[in-house]
Amino acid sequence: MANADCIVLMGGNMAEAHPVGFQWVVEARSRGARVIHVDPRFTRTSANADRHIAIRAGSDVVLLGALINHVLTEDLYFHDYVVAYTNAASKISADFRDTDDLDGLFSGFDPESGTYDQSSWQYTGERDETLTDEHTVFQILRRHFARYTPEMVRDMCGISPDEFAYLATSITDNSGRERTTCFGYATGWTQHTLGAQFIRSAAILQMLLGNIGRPGSGIMALRGHASIQGSTDIPTLFNLLPGYLPMPSVGKHDTFADYIAAVGPKDEKGYWAYADAYLVSLLKAWFGDAATADNDWAYDYLPRLDGPLGTYQTTVKMLDGEVDGYFILGQNPAVGSANGRQQRLAMAQLKWLVVRDLNMIESATWWKEGPEITSGELRTEDIGTEVFFMPAATHVEKAGSFTQTQRMVQWRHQAVQPPGQAQSELDFFYELGAAIRRKLAGSTDERDRPLLAMTWDYPLDEHGDPDPEAVLSEINGSWIDGPDAGKNLTSFTQMRADGSTAGGCWIYTGVYADATNHAARRTPHGGPGLTQSEWGWVWPADRRILYNRASADPDGKPWSERKKYMWWDADAGRWAGPDVPDFPVDRAPHAPGDPERGGADALAGDDAFIMQPDGKAWLFAPTGMVDGPLPAHYEPQESPVANSLYTQQQAPARVMFPRSDNMDAPSAGTPGSDVYPYVFTTYRLTEHHTAGGMSRWSPYLAELQPEMFCEISPELAAARGLENEGWATIISPRAAIEARVLVTDRVKSLRINGRDVEQVGLPYHWGVGSDAVVSGDAANDLIGVTLDPNTQIQESKAGSCDVIAGRRPTGEALLALVAEYQQRAGVTTETDNVRLTKRTDSDQEDD
């Protein structure tokens, strides 16, 4: 980011939520880079930017789509980069139908299941490098984004044509051969029913402008606290195995052969063709001698998914009595998850609950002092859930690794021993696993075999706890057989599918090469080199910029001296530069690939995107995105604004939970939408940490941000009789909360489709309980549960509400207030939970 000429921060508040990383944005600006912040609120990031552009929450695809349209219609795209490195020239099936043809749908949609048959989205196998054929990706892109205009941005986002022109000019003037633009986003993009498509929109824009694989380019997924990146790399996610290998699914990956054929076909280009080596090495790391060729490397020990099983699906199963026990680790769902009431009611249906935390968080105390106890919905004496609280070690009381925004693995050393019985996650789960294995010792039950077969033999320190570096070594991988048996692998390319290697996460191979903890490198300033490569270790292979083959032109020459990074050294016969080449190191620029061999051997000298099966960056995604090959704008699940681009109001493939404990506000164009007329959005503050477990118990941090508050515009304050520092009650179809009022022009009244739309900003760090230094109502209680179908992430960043002056009622009166609003709006479980939406002509005229 420090090498960018323009930085667009959108879908996040980097200065406040990622203050350490923001130093590089400040450095870029001091070097002359232009910094633009696009956000519903003027924040600390805005104060450090050249310009803040206010946007309506949830309308980002309209803005990004208009920028794409501008680049295409004004011929501002980086032609040579686009033709060589993207799939712009690839031709798509003539059966494909776009959203213009089907009024907001792509071809293949099944309204019964809410899923797409992607067969009409596929390549024909032909290319037209003139980009003129109507079936090329490039021409499909032109047609698709044609309706995304500056006027549409004005009407749907609340952004003036002058502001749009400033943003468009800033990006295009700072892209191309000599200059690069970088985007940074956070949960303001991800937490939407089409959040993955927000990011796809930015990726398409960056591909068109040549802003991937080069210094100061790309899209940074800003990670808000320790090892969020690590939690997806070595996952806590239900649908992934380590290294982004998919979890096997019923009917799709029933056998090992099925899995490999689907995940790593040998006839495709790129490094996914070696998925068999990655998976076999993983299974050898987990099951050791029990994983053999005869039993397909213990593949059948892995569970099979029969559908999505994320946090919110599990919550529903808890409510329905299908879950006996639940572990809460490093999170506080009673405060931090969407629809907090639903979370707390679900926990009341469990037999047992284990909470591991530093403090007695609300997820451990809801049964005696939660909002539902106060309202009378729950009585402590009626709750059968047995709650076990296990004290956890803090980050300074344990050793281990963090993986950060830039894929950097950094080691933290233990500063002090944890107090009392507090344990690290490693120590807790090691002991739990050992205890379970002792109880199962001697069992002949087949279902116990995976637990008994696990490798669970880590060296112990003087306290009897497993050595964290031994775990890192296992993750890195090692040779099992041959002359190097016992030695650590140095590269994932050494992994084998014959059982001779073991490794816990293929993308981390090299972090412990030569039995050295490279994550612990801390040379000041990262050493003298451009890439700062002597600080930490970056996956994969310690390369600092992904797809860096694209930093050179098809001939292997830098696009410019100013942005020189990697290049082909003809004399040495290899790729050279300050970074580790993200490409076969000896593959010449014009070398043909060998399709017969597949994998890395099939990559031609200009196939810069080595993880794609055709070696190209995908402007159009024929597979991989379950809700469409291109981004299209849909309104949030509930919105007081009608979709002006299509009559399809909401994302048709979104994941819905139509339940009486998860009601939605009527959207624009349907009766009752005026009952919840305002948009609310959530965000975080520097002084508090997510759901507050690490900050609201600290008197110093609590003093800095002592009370829950809402940010509103002067116009909304006047309309609702709200006074600065007074109280407001915010009501959604799920709950009503109270907050102190902050009247500020940092939140603008936006003109949308000819009428003013007000937005309410809500930090989400407070919860109700007596143990913390400060408490307050939880913003997430207001949020409904509807999910992005690609990621299963909830829509937290845009919802509908009303705001009234004064404190909320208590007890049964609080429930009555929420119910009275539901009744006035005519809310039912069907509200907003219809797949296909068609508005009447009069509705469209009103819009």
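These questions and answers concern a predicted model of a protein chain.

Visitor: How many helices and strands does the protein chain have, and what is its radius of gyration?
Guide: The protein chain has 25 helices and 29 strands. For 847 residues the globule rule gives 29 Å, and the computed value is close to that, so the chain is as compact as a globular protein of that length. The radius of gyration is 27 Å.

Visitor: Is helix 4 mostly covered or uncovered, and how many of its residues are buried?
Guide: Helix 4 runs over residues 60-73 and reaches 20 Å from its first C-alpha to its last, close to the 20 Å expected. Buried here means under 20% relative accessible area. Helix 4 is mostly covered, and the number of buried residues is 12 of 14.

Visitor: Which residues touch the most other members of the largest nonpolar core?
Guide: The largest nonpolar core holds 137 residues. Helix 4 gives the most to this core, with nine residues. At least three residues come from each of domain 1 (6-221) and domain 2 (655-837). The residues that touch the most other members are Leu63, Leu208 and Leu279.

Visitor: Which residues is Leu63 in contact with, leaving aside its neighbours within four places in sequence?
Guide: Contact means heavy atoms within 4.5 Å. With the sequence neighbours within four places left aside, the contacts of Leu63 are Met10, Val38, Ile55, Val153, Cys157, Ile159, Phe164 and Leu167.

Methods: Residues numbered from 1 in each chain as written. Predicted model: local features only at pLDDT ≥ 70, side-chain atom pairs only at ≥ 80, totals over all residues. Heavy atoms only, no water. Helix = DSSP H or I, 4+ residues; strand = E, 2+ residues; numbered from the N terminus. Expected span 1.5 Å × (residues − 1). Buried < 20%, exposed > 50% of the residue type's maximum accessible area, 1.4 Å probe, protein only. Core = buried A, V, L, I, M, F, W, Y, C linked by side-chain atoms within 4.5 Å. Domains from an automatic or database assignment. Rg over C-alpha atoms; globule rule 2.2 N^0.38 Å.
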